[in-house]
Amino acid sequence: MAVYITTPSPALPPPSNSVGVLGWMRKNLFSSPANSIFTLIGLYILFRTIPPTIDWALFQADWVGTSRDACSGEGACWVFVTVRFQQFMFGFYPPSEYWRVVVAFSLVGALVAWLLIERTPKKGLVGIFTIFCYPVIAYFLFYGGAFGLPVVETYKWGGLMLTLILATIGMFCALPIGIILALGRRSSMPIAKSLSVVFIEFWRGVPLITVLFMSSVMLPIFMPENLQIDKLLRALIGIIFFQSAYMAEVVRGGLQAIPKGQYEAAEALGLSYWKSMFFIILPQALKLVIPGIVNTFIALFKDTTLVLIIGLFDLLAVVQSAFADAKWIGYSVEGYVFVAAIYWVSCFSMSRYSQYLERKLHTGHA
Amino acid sequence: MTETQTQQNVSAEVMVELRNVNKWYGDFHVLKDINLKVYKGERIIICGPSGCGKSTLIRCMNRLEEHQKGDIIVSGITLDDDLKHIDRVRRDIGMVFQQFNLFPHLTVMENCCLAPIWVQKKSRRDAEATAIRLLERVQIADQAKKFPGQLSGGQQQRVAIARSLCMNPSIMLFDEPTSALDPEMIKEVLDVMVDLAHEGMTMLCVTHEMGFAKTVANRVLFMDAGEIIEENEPNEFFDNPQSDRTKLFLSQIL
């Protein structure tokens with residue numbers, strides 16, 4: 001006997017206990033007895049830790065003053081940070097020239113925001129300006145020596161300013177070098193391939209601290225007297241090479257995930273190697289490895305603190321040196337919390353932007 | 001279109017010529033002494049059991065695969081290691097793949113315009129005008145702003161055909177264009193290919209769609225173990241196969 005339906009069944013709403021706040025709590029917090037116990041334990045731990053922390057950092061804290069006499073001792077004493085704030089930001093850069101650093105960073109901030117925010121016009125032009133003109137402008141602003149700007153030697157650079165310089169230049173250089181190395185490693189040309197493999201495996205195989213030591217202690221011994229490269233520049237090159245080796249392997253992972261058919265379709269249309277890489281393969285490969293790229297960026301940002309072992313005063317080094325001040329002994333917790341907060345905010349912002357980028361670039365394919 | 005009209009479209013001009021072509025994958029002899037002439041306007045169907053070398057054969061014609069012995073001459077250009085030769089041949093040959101191979105990060109329109117703009121140096125306006133005309137021809141112009149991932153398999157394959165046609169090729173290669181499609185989508189793709197055949201495009205098509213072969217083909221090639229076993233016009237091929245291997249193959253697929 002044939003069975004058949006004449007009218008389609010209507011769609012019914014889901015049961016009320018599976019939607020809304022209650023539904024969410026039921027599903028995520030109290031789905032089983034064990035789960036409920038863990039939820040309660042978790043809530044208790046949060047209750048015991050969060051309020052005292054906030055109390056220490058905000059409500060009981062001391063904010064204004066000029067010396068340790070202003071510290072009541074009941075909470076954090078941020079006076080330590082406010083008094084030395086300029087040094088934490090600029091290191092030993094002459095105070096009369098602070099404006100140059102502020103202008104340089106404001107400019108790059110504006111340019112990057114222009115490029116990152118959607119629907120701003122003339123992105124191409126701004127991009128070219130950022131890549132080719134801005135570095136020159138920034139060099140003269142930071143270092144000086146032209147347009148009536150007095151020279152500020154790099155050993156006076158420090159604090160957050162130095163950290164940002166190292167991190168920004170490191171990122172801008174490590175990504176393109178990493179891409180070239182990744183393409184080289186997958187190349188069918190034996191020379192390009194072996195050079196890339198040797199470069200990647202060498203720089204990936206040594207610790208960054210060793211690289212920095214080599215660049216600051218060993219290198220000058222072998223270099224002729226009249227050919228002394230600036231210490232900051234040497235450290236920077238070390239960081240760039242080190243991170244670009246990591247970046248290369250991240251990008252290679254993306255290249256390998258692109259189906260062979262994409263390469264073949266590009267070839268069949270007559271696209272040359274570089275055009276198919278630029279238009280077809282790299283946009284897809286880089287999109288796939290955004291999490292890996294940002295991961296490397298975040299690692300790079302935090303690794304810049306290692307330059308303190310070769311005597312460069314990045315943010316962490318400057319703050320640590322302030323602990324040695326006899327007037328402020330005993331306030332290292334505030335200093336470390338301040339440094340940690342700056343790093344956390346920076347890294348968390350990068351992480352959020354990468355998630356936004358992944359969503360934006362999603363075009364409905366796997 | 002009648003049989004006589006179809007025949008008339010074929011001219012004496014040789015578009016693709018293969019002379020004693022041999023290819024090995026390592027030790028495996030995948031193409032054995034292939035000789036073939038494809039005339040302008042001809043539609044050739046290549047069939048055979050899987051692994052017989054039929055895909056490899058057409059992939060050699062635009063150098064996606066390299067042959068080791070013999071000559072392949074496309075539109076008068078000999079395919080060798082010279083990148084310029086390869087480049088010119090690829091501009092003249094369009095290819096449609098089993099897995100579509102659309103670029104997923106680009107819209108349908110961008111998929112169609114990329115090669116005309118960057119390989120043929122057309123202006124964006126010209127490229128887009130051509131693309132719209134060809135997308136209309138494969139009846140998918142209304143999806144031009146979508147990404148490939150938002151289209152069905154049949155729609156994607158039609159876009160892939162339009163993308164190849166945008167380069168204005170004189171030869172089209174089809175590598176099992178309907179094998180990855182759900183049954184209800186095969187017809188929409190075959191319809192586009194039949195249209196193309198009737199307009200006189202030179203086509204080489206690897207397929208098991210025997211109905212399509214009967215409708216459009218001038219010649220059917222049957223390959224097995226790297227050789228062309230049998231070659232005939234379609235009615236004779238299907239009704240009166242000569243070799244035992246052809247008979248066995250036809251009995252399995254029909």
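Biologist: Which backbone oxygen does the side chain of A:Thr304 reach?
Modeller: That of A:Phe301, at 2.6 Å. This falls under polar contact, a pair of N or O atoms within 3.5 Å; within protein, one must be able to donate a hydrogen and the other to accept it, and residues adjacent in sequence count only if both atoms are side-chain atoms.

Biologist: What should I know about the model?
Modeller: This is a predicted model: local features need pLDDT of at least 70, side-chain atom pairs count only at pLDDT 80 or more, and totals for chains, interfaces and linings use all residues. Residues are numbered from 1 along each chain as its sequence is written, chains are lettered from A and ligands numbered from 1 in the order in which they are written, and side-chain values use heavy atoms, leaving out hydrogens and water.

Biologist: Back to A:Thr304. In which loop does it lie?
Modeller: A:Thr304 sits between helix H13 (290-303) and strand E1 (313-314) of chain A. Helices (H or I, at least four residues) and strands (E, at least two) are DSSP runs, numbered from the N terminus.

Biologist: Is A:Thr304 buried or exposed?
Modeller: Buried, at 0% relative accessibility. Buried means under 20% relative accessible area, exposed over 50%, and partly exposed in between (1.4 Å probe, protein chains only).

Biologist: What is A:Thr304 in contact with, leaving aside neighbours within four places in sequence?
Modeller: A:Thr163, A:Leu166, A:Ala167, A:Asp314 and A:Tyr343. Contact means heavy atoms within 4.5 Å.

Biologist: New topic, the two chains. How many residues of each are in contact?
Modeller: 24 residues of chain B are in contact with 19 residues of chain A. Together the chains bury about 1900 Å², with 65% of it on carbon and sulfur atoms. Buried area is the accessible area (1.4 Å probe) that two parts lose on being put together, summed over both.

Biologist: And how many residue pairs are in polar contact across the interface?
Modeller: Seven between chain B and chain A, counting pairs with both residues at pLDDT 80 or more. On chain B, helix H3 (83-92), strand E6 (93-96) and helix H4 (108-118) each supply at least two residues of the side that touches chain A. H4(B) gives the largest share of that side, three residues. By class, the side of chain B that touches chain A has 14 nonpolar, four polar and six charged residues. Ala, Val, Leu, Ile, Met, Phe, Trp, Tyr, Cys and Pro count as nonpolar, Asp, Glu, Lys and Arg as charged, and the others, Gly among them, as polar.

Biologist: What is the count of salt bridges between chain B and chain A?
Modeller: Two. A salt bridge is a side-chain nitrogen of Lys or Arg within 4 Å of a carboxyl oxygen of Asp or Glu. B:Arg90 forms one with A:Glu267, the closest N and O atoms being 3.0 Å apart. That pair crosses from helix H3 of chain B to helix H11 of chain A. B:Arg90 is buried at 11% relative accessibility, whereas A:Glu267 is partly exposed at 30%.

Biologist: What do the buried residues of H11(A) pack against?
Modeller: Helix H12 (273-288) of chain A, together with helix H2 (54-61), H3, E6 and helix H6 (153-165) of chain B. The buried residues of H11(A), which spans 260-268, include A:Gly261 and A:Gln262. Just after H11(A), A:Gly270 takes a positive phi of about 90°.

Biologist: How far apart in helix H3 of chain B are B:Arg91 and B:Asp87?
Modeller: Four residues, about one turn of the helix. B:Arg91 and B:Asp87 form a salt bridge, with the closest N and O atoms 3.4 Å apart.

Biologist: Why can such spacing work in a helix?
Modeller: An α-helix has 3.6 residues a turn, so residues three or four places apart point the same way.

Biologist: Which residues are linked in a network of salt bridges?
Modeller: A:Arg185, A:Glu201, A:Arg204, A:Glu249 and A:Arg252. Over all chains, the structure holds 23 salt bridges.
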